[in-house]
Protein chains: 2
Amino acid sequence: MRIGELARLSGLTPSRIRFYERIGLLKTVDRRPNGYRTYPQQAVMILGLITTAQRAGFTLDEIRTLLPPDLKHWDHATLVDALTRKIADIEALQVRLTQSRAHLLRLVEDIQARPDDMDCAANAHRVLTNMLAEHPEVLDVTSDDIRLLDMTDRRQSVSPGRRKKTAAR
Amino acid sequence: MRIGELARLSGLTPSRIRFYERIGLLKTVDRRPNGYRTYPQQAVMILGLITTAQRAGFTLDEIRTLLPPDLKHWDHATLVDALTRKIADIEALQVRLTQSRAHLLRLVEDIQARPDDMDCAANAHRVLTNMLAEHPEVLDVTSDDIRLLDMTDRRQSVSPGRRKKTAAR
DNA sequence: GCTAACGTTGAACATAAGTTCAACGTCAAG
DNA sequence: CTTGACGTTGAACTTATGTTCAACGTTAGC
């Protein structure tokens, strides 16, 4: 099949598919005499694998080293090893998230617990002092790799301030 | 104090401090007649706040819109609102991580559960089929912003394949 | 007066994972 | 034989968060 059909079947854009080929991630591609790329059915599954692995937190670089040239011949040991490490990464991240969440919850409580007779400045000082007091503890969790998970559909939780986005044309 | 001292006290690099000034994040800076920057004590706390907020998953853009010009005058409503949303973001991410982790665990089990009489190719097919079968389900969790957490100290879980790193000189 | 440490600037570079663009080629239908 | 959909390429752009560099200025101590 040609690139357009592969794009439709896999749900990826043609540019993304070409990009994967450029970086040596997708090798199952041939050329017709007219220069058009042509792919085997298998390519759909490979792309599915790639996006699934991405969702699990693997970088394209990692995926490249794990994907065998032939889907039938995996390096079991290496693969299981990588998966196991990735699971550990996720668990480390979960620990961090739990801490962050607790931190933010405490902060919100702190802010809302302002005694009615305390003025804003004093409350600010109280909250900041509390926060920075536990700062070092948080700073020490300087561990782990966290390149897991990158949905590009970022919401704007706060309002980013500037948009540019290549207007009109 | 000058930038070097501020850097020492805050634990950030001078270049990073200048960068924060460039993007309008750090405004408490004056100039000596010789052109040197000079900062008030407060700057240490502001930088502490910034890095703490970053660790909690806020982007510099978000932090900029939340940080008041004067640390004594916060916009309580907006702040609590942003914190609450960030907590929700974290919780959404935790859900995703739990799913990813379960997915990987299942995958490892699947791979290791190969019947001894099954050959590699058949096992590969079995595992892939299982994996892609639950793919759509995973694909539907297309929700949430995940720009949380970016320790730049990435480990190389798999071995990246190429290093360039501006050698020598 | 020289040297070392510190400061300044603007520009370019780095990373990851793509997207977008311009300029061009191919092909089937009308 | 023209039009539209599809394909090709290489280069530049994007986002976020900084770092690095070259070329230059300032200051304190010896």
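Predicted model: local features only at pLDDT ≥ 70, side-chain atom pairs only at ≥ 80, totals over all residues.
Visitor: How many helices and strands does chain A have?
Guide: Chain A has seven helices and two strands.

Visitor: And in what order do the elements of chain A run?
Guide: Starting at the N terminus, the order is α-α-β-β-α-α-α-α-α.

Visitor: What share of chain A counts as buried?
Guide: Of its 169 residues, 24% count as buried.

Visitor: Take A:Asp30. Where is that found?
Guide: A:Asp30 is in strand 1 of chain A, which covers residues 30-31.

Visitor: Is A:Asp30 buried or exposed?
Guide: A:Asp30 counts as exposed, because it has 9 C-beta neighbours inside 10 Å, and the cut-off for exposed is 12 or fewer.

Visitor: How far is A:Asp30 from A:Ser100?
Guide: Their C-alpha atoms are separated by 49 Å, and the two residues are 70 apart along the chain.

Visitor: Switching to helix packing. At what angle do helix 1 and helix 3 of chain A cross?
Guide: They cross at roughly 50 degrees, and their axes come within 10 Å. The two helices of chain A, helix 1 and helix 3, are therefore oblique to each other.

Visitor: Is that crossing left-handed or right-handed?
Guide: The crossing of helix 1 and helix 3 of chain A is right-handed.

Visitor: What about helix 1 and helix 3 in chain B?
Guide: In chain B, helix 1 (residues 3-10) and helix 3 pack at an angle of about 50 degrees, with axes 10 Å apart. Helix 1 and helix 3 of chain B are therefore oblique, and helix 1 passes helix 3 in a right-handed crossing.

Visitor: Which residues of helix 3 of chain B are buried?
Guide: The buried ones are B:Ala43, B:Leu47, B:Gly48, B:Ile50, B:Thr52, B:Ala53 and B:Arg55.

Visitor: What should helix 3 of chain B span, going by its residues?
Guide: Helix 3 of chain B holds 14 residues, 42-55, so at 1.5 Å a residue it should span 20 Å. The C-alpha atoms at its ends are 20 Å apart, in agreement with that.

Visitor: What comes just after helix 3 of chain B?
Guide: Just after that helix, B:Gly57 takes a positive phi of about 105 degrees.

Visitor: Where does B:Leu6 sit, and is it buried or exposed?
Guide: B:Leu6 is in helix 1 of chain B. It counts as buried because 22 C-beta neighbours lie inside 10 Å.

Visitor: How far is B:Leu6 from B:Val44?
Guide: B:Leu6 and B:Val44 are 38 residues apart in sequence, and 6.5 Å apart in space from C-alpha to C-alpha.

Visitor: And B:Leu71?
Guide: B:Leu71 lies in the loop between helix 4 and helix 5 (76-112) of chain B. With 16 other C-beta atoms within 10 Å, B:Leu71 is partly exposed. From B:Thr51, B:Leu71 is 20 residues away in sequence and 15 Å away in space, C-alpha to C-alpha.

Visitor: Which element gives the most?
Guide: Helix 2 of chain B gives the most to the surface near DNA strand D, with three residues.

Visitor: How does that surface divide by class?
Guide: The surface near DNA strand D has five nonpolar, nine polar and seven charged residues.

Conventions. Residues numbered from 1 in each chain as written. Chains lettered and ligands numbered in written order. Helix = DSSP H or I, 4+ residues; strand = E, 2+ residues; numbered from the N terminus. Expected span 1.5 Å × (residues − 1). Buried ≥ 20, exposed ≤ 12 C-beta atoms within 10 Å, placed from the backbone. Nonpolar A, V, L, I, M, F, W, Y, C, P; charged D, E, K, R; others polar. Axes fitted to C-alpha atoms, helices over the stretch in contact; angles between N-to-C directions. Parallel < 35°, antiparallel > 145°, perpendicular 65-115°, else oblique. Left-handed = near helix turned anticlockwise from the far one by under 90°.
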